[in-house]
2 protein chains.
Amino acid sequence: MTHPLIGKLAIFGVGLIGGSFALALREAGAVGEVVGVGRSPENLRAALELRAIDRIASDNADALDHADLVLLAMPVGQMGAVMANIAPHLQAGTVVTDAGSTKQDVVALAREFLPKHLESFVPGHPIAGAEHSGARAARADLYRGRNVVLTPLPENTPAALEKVGAAWRACGANVAHTTPANHDSVFAAVSHLPHLLAFALVDDIAAKANAEEMFHHAASGFRDFTRIAASSPEMWRDICLANRDALLGELDAYQAQLTRLRSMLEKRDGTGLEQVFDSASQARRKWAVDKGL
Amino acid sequence: MTHPLIGKLAIFGVGLIGGSFALALREAGAVGEVVGVGRSPENLRAALELRAIDRIASDNADALDHADLVLLAMPVGQMGAVMANIAPHLQAGTVVTDAGSTKQDVVALAREFLPKHLESFVPGHPIAGAEHSGARAARADLYRGRNVVLTPLPENTPAALEKVGAAWRACGANVAHTTPANHDSVFAAVSHLPHLLAFALVDDIAAKANAEEMFHHAASGFRDFTRIAASSPEMWRDICLANRDALLGELDAYQAQLTRLRSMLEKRDGTGLEQVFDSASQARRKWAVDKGL
């Protein structure tokens, strides 16, 4: 019998993200035992039924005993408390990673709560949709062909970094590295700002006197533009606050862009509008081709 | 042999919209002969091959001779010129409609160029996606279950209004009526503004020094939010200019909303942000349920 990549995996927060990680590793034959920890007994039972986890840990010490890899996949708002709770039980050979959507804040928490374990704490962000949540939404193929961004710490050992990268590759993901600051800057622009804009538009329309009529006429363009406005309000509140500075910068740049477009529209500057629309349309079409969409 | 709803249909602009209208009516057995008029001989030949049209009209007089229904489905920018050209050939029994995305401007053009035909000119807007264009994109089921908004003129005869409504219902569409001004106000909010916002975001990112890296990390949320940014720059320039006043109003309301969110973010007002996100998320989820998505 060959030795799996990961002997024992402990997942804190067995939802869509954590559950799919476990299912994918299991399908790849890359994990021995999976233990789950979480706040909701009902969700943990669902994870057991779906065989995402082999058992529910009785406590943190049990979960972490001889663990090869730990995935922190709970909401970022709970990350600090969980780190503080696991710190006393973390063993020398255990590598820890996370799945938070922002990285500078997670790194700051790790420096505060896991100061003795920085060699083996590799921050990560799997780029996978989270419209649905909970263990029942988990699937083995969630990460196939998706990107996972790791933001290694200077303290990380090559072995810890390699273990986390290998685990994600076993899930079928493409693994990239960058700095926490660059990660947060990039995702402020391509993810966090669009979420804020979509929430803003739907709330804007919902507050109108004729909201019902407007929603009645909204069609496929609106459907796609606002799909992310159905996302979890708590999760996105936390992401916005965690990435506040980068998001404020992107929002200011975007407001300046809207002010520019408003001025063109007011002056009936069709040439100016068309130039912006054309640049966007070409970039969006090229993006779709590059992504194979 | 039963008499079809429409004996002779003349389509000006046999693209996605016009071609699909013809295919749907033909499939429903609701049309006798379909003649096509357009600027592109190649596109008209494609429409012929696809049997969207029975023949290419030799000129406007030929197209309009004994026509029961005329659909104007060319870009709104050409609408005035086409109206001026067809006016001398329009016969008394012919009903005319259009498929423009804005209605007050089309009504103004009709009042200018078709003043003797206002009884029988019924402005319309089929709400159907237009990511792809041209006759080759046409399909018989494009309008099935979709909404078509008619904005009747006070001059319209009941018979003209009924003919246009019956034609769209034969295509499988749901037909609603409103005023041109209300139409333009509603679509400024649920369609035109989202297009402007999506174009603005993609252009914003495309102009960054690290645009390539950003696009690399953009995932499914970005994909859906920006799908409409791949739309035709010319068409959307025309729509924005045609619906300038309503769009400026929506843009101002949206900028005020963004300024409010920015202030919450700056003050780290998580409760305020969550309230807006929660209102949007609930409205978006309810919308999806109501639409059966």
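Q: Quick one to start: does Arg268(B) count as buried or exposed, and why?
A: Arg268(B) counts as exposed, because 12 C-beta neighbours sit inside 10 Å of it. The cut-off for exposed is 12 or fewer. Keep in mind that this is a predicted model.

Q: Where in chain B is Arg268(B)?
A: Arg268(B) sits in the loop between H11 and H12 of chain B.

Q: And what's its phi like?
A: Phi of Arg268(B) is positive, about 55°, although the residue is not a glycine.

Q: What about Arg268(A), what's phi there?
A: Phi of Arg268(A) is near 55°, again a positive value in a residue other than glycine. Arg268(A) is in the loop between helix H11 (244–266) and helix H12 (270–290) of chain A.

Q: Is Arg268(A) buried or exposed?
A: Arg268(A) counts as exposed, since there are 11 C-beta neighbours inside 10 Å.

Q: Ok, zooming out. How many helices and strands are there in chain A?
A: Chain A has twelve helices and nine strands. Its radius of gyration is 21 Å, close to the 19 Å that the globule rule gives for 293 residues, so chain A is as compact as a globular protein of that length.

Q: What does the C-alpha trace of chain A span along its principal axes?
A: About 70 × 40 × 35 Å.

Q: How much of chain A counts as buried?
A: 53% of the 293 residues of chain A. Also, if you take the contacts in chain A with a separation of 6 or more, 78% of them come from residues 24 or more positions apart.

Q: Which residues touch the most other members of the largest nonpolar core?
A: That core has 208 residues, and the ones touching the most other members are Ala10(A), Ile11(A), Ala10(B) and Ile11(B).

Q: So what is Ala10(A) in contact with, leaving aside its neighbours within four places in sequence?
A: Val35(A), Val37(A), Ala57(A), Ala63(A), Leu64(A), Ala67(A) and Val70(A).

Q: New topic: why is H10(A) said to be largely enclosed by the rest of the structure?
A: Because eight of the ten residues of H10(A) are buried. Among them are Trp236(A), Ile239(A) and Leu241(A), along with Arg237(A) and Asp238(A).

Q: What do those buried residues of H10(A) pack against?
A: In chain A they pack against H5, H7 and H11, and in chain B against H11 and H12.

Q: Now the two chains together. How many residues are in contact?
A: 75 residues of chain B are in contact with 75 residues of chain A. On the chain B side, H7(B) gives the largest share, 18 residues. That side of chain B divides into 45 nonpolar, 14 polar and 16 charged residues.

Q: At what angle do the axes of H7 of chain A and H12 of chain B cross?
A: At roughly 75°, with the axes coming within 8 Å. That makes H7(A) roughly perpendicular to H12(B).

Q: Which residues meet there?
A: From H7(A) it's Phe199(A), Val202(A), Asp203(A) and Ala206(A). From H12(B), they meet residues including Phe277(B), Ala280(B) and Arg284(B). The residues of this contact are seven nonpolar, one polar and two charged.

Notes: Residues numbered from 1 in each chain as written. Chains lettered and ligands numbered in written order. Predicted model: local features only at pLDDT ≥ 70, side-chain atom pairs only at ≥ 80, totals over all residues. Axes fitted to C-alpha atoms, helices over the stretch in contact; angles between N-to-C directions. Helix = DSSP H or I, 4+ residues; strand = E, 2+ residues; numbered from the N terminus. Parallel < 35°, antiparallel > 145°, perpendicular 65-115°, else oblique. Contact = placed C-beta atoms within 7 Å. Nonpolar A, V, L, I, M, F, W, Y, C, P; charged D, E, K, R; others polar. Rg over C-alpha atoms; globule rule 2.2 N^0.38 Å. Buried ≥ 20, exposed ≤ 12 C-beta atoms within 10 Å, placed from the backbone. Core = buried A, V, L, I, M, F, W, Y, C linked by C-beta atoms within 7 Å.
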